[in-house]
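Hi everyone, thanks for coming.

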Amino acid sequence: MVEKLIATWGQSPLLQVQHVTFGYTQQQVLLYDVSMQVLAGEFIGLLGPNGSGKTTLLRLLSGVLTPQQGQVLLEGRALSQWKQRQVARRVAVVPQELHMPFDFTVEHMVSLGRTPFISSFWGSRQSQDQAIIQDAMQVTGVSSLAGRVFNELSGGERQRVTIAMALAQQPLALLLDEPTSHLDIKYQIETLELVQRLNRERGVTVLAAMHDLNLAARYFPRLLLFQRGVVADASPAEVLEPDLLSRVYGIQVRVGILRGSEHLSVLPPTLVDVPVTLEHEPFPMVHVIAGGGSGALMMRALADAQIPFSAGALHIGDSDHALALRLAREVLTEQPYAPISPEILQQVHDRLQQVSLLIVCPTAIGPGNLGLLQEAVQAARRGLAVILVTEPSQTDCVSDISTLPSLSVGELAAFKARDYTGGLGFQCIEALLQAGAIVTTSVASSLNEVKKHVVVSH
Amino acid sequence: MKMVIRPARRLATPVVFVFLIVALLVTMLVAISFGSVSIPFLTIIQIVLNNTGIFHFFAYWDPVLAIILLQVRLPVVLGAALVGAALAVAGALFQGMLRNPLADPYLIGTSSGAALGATIAFVLPFDTVYGTFFSLTPVLAFIGALLTVLLVYALARSNQQTPVVMLLLAGVVVNALLTACQTLILNLWPSDNFGRILGLFNWLSGGIALVGWGPLGLVAVIVLLSLCGAMALGRVLDVFALGEEAAAHLGLPVELSKFLIVIVASLLTAAAVSISGLIGFVGLVTPHLMRLLLGPRHRILIPASALAGAIFMILADLLARSVLAPTVLPVGIFTALVGGPFFLFLLRNNKREYKW
């Protein structure tokens with residue numbers, strides 16, 4: 001199968017998402033700068049909590065939605081340059097559930113899958129179309145239901161008819177939106193095995209949004225963990241990692257291999273023992289305040305240096321949040337678009353009392369996150385070491401580590417430019433500097449400073 | 001298609017179509033024959049065939065009969081057939097597109113637009129000027145209906161999309177607005193001329209107006225072309241039943257298709273309304289009736305609805321003319337009085353649950 005696919009498609013991705021930003025309204029961005037790709041013949045599970053944007057990603061991939069920024073490529077060409085009909089000949093979508101008001105028969109439903117191949121209005125089905133329809137019903141095992149009314153079938157049968165309809169499109173890629181979400185366990189297995197067979201025997205590329213982590217672990221060799229952005233993209237063993245899952249889903253889970261099973265299983269927390277934070281892990285001594293992508297470099301550097309850190313509070317949907325979910329030991333999370341709430345601020349407060357170093361990344365300061373800065377000032381006055389990271393400035397400053405007296409005018413101006421609170425934010429920065437915060441202009445020098453503190457604290 | 005095992009409870013499609021065509025012809029004959037002077041079937045056929053110019057039967061009948069037939073009965077019966085077919089197909093189109101069993105041809109503003117147009121025609125003294133050439137009422141009703149639909153469509157459109165819910169709501173609001181305008185005009189206008197108001201009332205309650213062959217031909221052209229368009233849209237409507245997003249996934253240009261469906265359905269409705277006034281029920285019930293008999297596939301449903309709508313309307317018009325002859329009752333009464341019980345009978349006798 002693999003040889004065939006390589007011969008047909010080489011290694012160029014079938015579907016590619018490039019730096020896509022999307023929101024249903026201009027103001028509220030749901031996905032920010034998402035990139036991913038799907039190679040021909042892959043079998044991918046898309047995981048993520050409710051509201052994480054899985055369905056939106058699928059709709060972007062099928063071309064029903066157009067990204068506000070960035071682009072989606074099908075066979076290397078932007079979706080916007082394809083004709084809708086041509087896309088439908090390559091990408092088929094299996095919706096979560098199909099609501100059919102009329103009493104269409106199964107065969108008629110499956111025949112609707114030929115729509116992209118039938119010339120617009122007057123065209124009728126050829127014998128070749130008929131053969132494809134029969135084949136699609138055969139493969140999905142619904143031939144015996146051909147004359148039955150779709151609405152009178154059970155949920156599992158309906159799901160197979162829907163897949164047959166998608167197959168009649170003879171697609172290269174099949175996008176499934178939670179195909180098993182309202183099926184009983186038998187049909188869940190049947191449906192996924194059908195899809196797996198299509199992938200193995202016919203080389204159909206599959207991307208399926210999944211809620212059930214155990215089924216995902218069992219069937220999909222590649223998993224994408226999604227939370228308004230790609231948090232992790234790897235094999236089940238790497239993605240189904242308890243800490244990662246509990247950060248993304250917000251619930252403590254246990255992952256292991258059950259006796260007699262070949263696959264990973266994800267179990268919810270037991271009712272008896274209240275979930276406790278993992279004791280054996282070294283507690284992070286560094287906390288990062290970031291936002292809007294300002295913390296990306298710093299967090300990656302910390303992770304590379306294997307320095308455990310916590311981050312927050314960050315908004316869901318912020319690219320820093322998606323990254324922190326992957327890299328940080330603990331992430332304080334706030335709902336999208338909301339100012340940071342008192343409870344979360346309290347959590348930040350508690351956190352700052354436990355750590356020995358705070359890193360403030362050059363995020364824009366607005367009314368939403370001003371509270372964070374004020375917490376930082378309080379902590380600094382209590383004696384917490386603070387590193388203020390600035391963007392590498394154009395000014396020719398002698399050293400890249402400086403404290404208040406030697407701060408150049410250009411750097412102060414850079415702080416001011418990021419303040420959208422009419423001066424309150426800048427006051428916080430000044431207060432931090434007066435309390436002895438160190439200003440660094442490069443990731444390397446920041447990391448040196450961090451190492452000093454972490455070593456000191458041990 | 002030979003492989004298909006149809007649900008046994010449904011009648012075979014060709015049988016139903018043959019039955020409908022025969023029924024249509026018989027109904028037309030009966031309707032033409034019936035009236036103040038009855039005309040024998042054979043004579044009707046001979047007169048009609050003589051007028052095709054191909055046949056030359058000996059004219060043994062009273063020449064008055066030929067005049068009554070050609071100038072009065074035939075145009076009315078043909079008009080009724082056109083109106084019925086147009087309304088039934090428009091109903092099928094709207095029900096399919098909106099995926100709503102309660103949709104009827106007047107849903108998105110056609111009726112109030114046509115009524116306002118007709119009111120203006122009745123109230124304004126234009127008729128005295130143009131009345132000698134053609135009647136203004138159908139023209140203004142037609143224009144009013146079409147303009148209203150375009151207005152509703154424009155109101156519902158935002159962001160290059162026309163959500164069905166917006167279309168329905170805009171339709172309801174515009175309907176209310178135009179009806180208010182119509183009432184306002186009627187109230188403000190000096191109502192010394194009672195005959196005009198009565199004429200308007202009769203128009204609003206619906207009836208097949210006697211029009212000349214010219215206007216009838218025009219309406220026939222519009223209706224027949226739109227019927228062809230509707231048949232061509234049959235496949236599209238089937239795909240629409242899956243929902244707009246699924247239709248888009250199948251490569252269907254959803255917004256364009258929606259616009260075409262609305263335009264075709266509105267042309268049908270406007271053309272029908274222009275010669276019949278507001279006749280309810282046909283457009284709502286005929287598609288349901290045909291779905292009960294033949295199933296929901298639009299390629300079959302649309303031509304069947306056209307035939308059944310025509311039969312239904314000819315019968316209703318016949319009853320309206322003959323029950324209290326010589327008084328002519330509004331046709332709308334009979335579409336509901338006869339059609340309603342018949343539909344309920346079929347619905348209740350249907351073995352399977354009708355999911356429309």
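Before anything else, one term: when I say a residue is buried, I mean that under 20% of its relative accessible area is left. And keep in mind that this is a predicted model.

Okay, let's start with strand 1 of chain A, residues 15–22. It's mostly covered, with six of its eight residues buried. What does strand 1 of chain A pair with? One partner is strand 4 of chain A, residues 69–74, antiparallel, over five bridges. Within strand 4 of chain A, you'll find A:Q71 opposite A:Q18. Strand 1 of chain A is also joined to strand 2 of chain A, residues 31–38, again antiparallel and through five bridges. There, A:Q16 has A:Q37 as its bridge partner.

Next, the open sheet in chain A. It has six strands in the order 6-7-8-3-9-10, and the pairing is mixed. Which strands sit at the edges? Those are strand 6 (91–94) and strand 10 (230–234) of chain A, each pairing on one side only. From one strand to the next, the twist averages 15°.

One of the pairs to look for is A:V94 with A:L176. Helix 6 of chain A, residues 155–167, packs on the sheet here and touches both of those strands, its direction making about 170° with that of strand 6 of chain A.

Now find helix 10 of chain A. This one lies across strand 3 (43–47), strand 9 (222–226) and strand 10 of chain A, at about 40° to strand 9 of chain A. Is helix 10 of chain A enclosed or open? Six of its eight residues, in the stretch 242–249, are buried, so the rest of the structure largely encloses it. Among the buried ones are A:D243 and A:R247.

Last stop, the largest nonpolar core. It has 196 residues, and A:L302, A:I359, A:V450, B:L93 and B:L242 have the most contacts inside it. Helix 3 of chain B, residues 63–98, gives the largest share, 21 residues. Why does this core lie between domain 1 (2–267) and domain 2 (286–457) of chain A? Because both domains give residues to it. If you zoom in on A:I359, you'll see that its contacts include A:V286, A:M298, A:L302 and A:V450.

Conventions:
Residues are numbered from 1 along each chain as its sequence is written. Chains are lettered from A and ligands numbered from 1 in the order in which they are written. This is a predicted model: local features need pLDDT of at least 70, side-chain atom pairs count only at pLDDT 80 or more; totals for chains, interfaces and linings use all residues. Side-chain values use heavy atoms; hydrogens and water are left out. A nonpolar core is a set of buried Ala, Val, Leu, Ile, Met, Phe, Trp, Tyr and Cys residues joined through side-chain atoms within 4.5 Å. Buried means under 20% relative accessible area, exposed over 50%, partly exposed in between (1.4 Å probe, protein chains only). Helices (H or I, at least four residues) and strands (E, at least two) are DSSP runs, numbered from the N terminus. Domain bounds come from an automatic or database domain assignment. Contact means heavy atoms within 4.5 Å. Two strands pair if DSSP finds at least two bridges between them. Axes are lines fitted to C-alpha atoms, for helices over the stretch in contact, and angles run from 0 to 180 degrees between N-to-C directions. Lists of a residue's contacts leave out its neighbours within four places in sequence.
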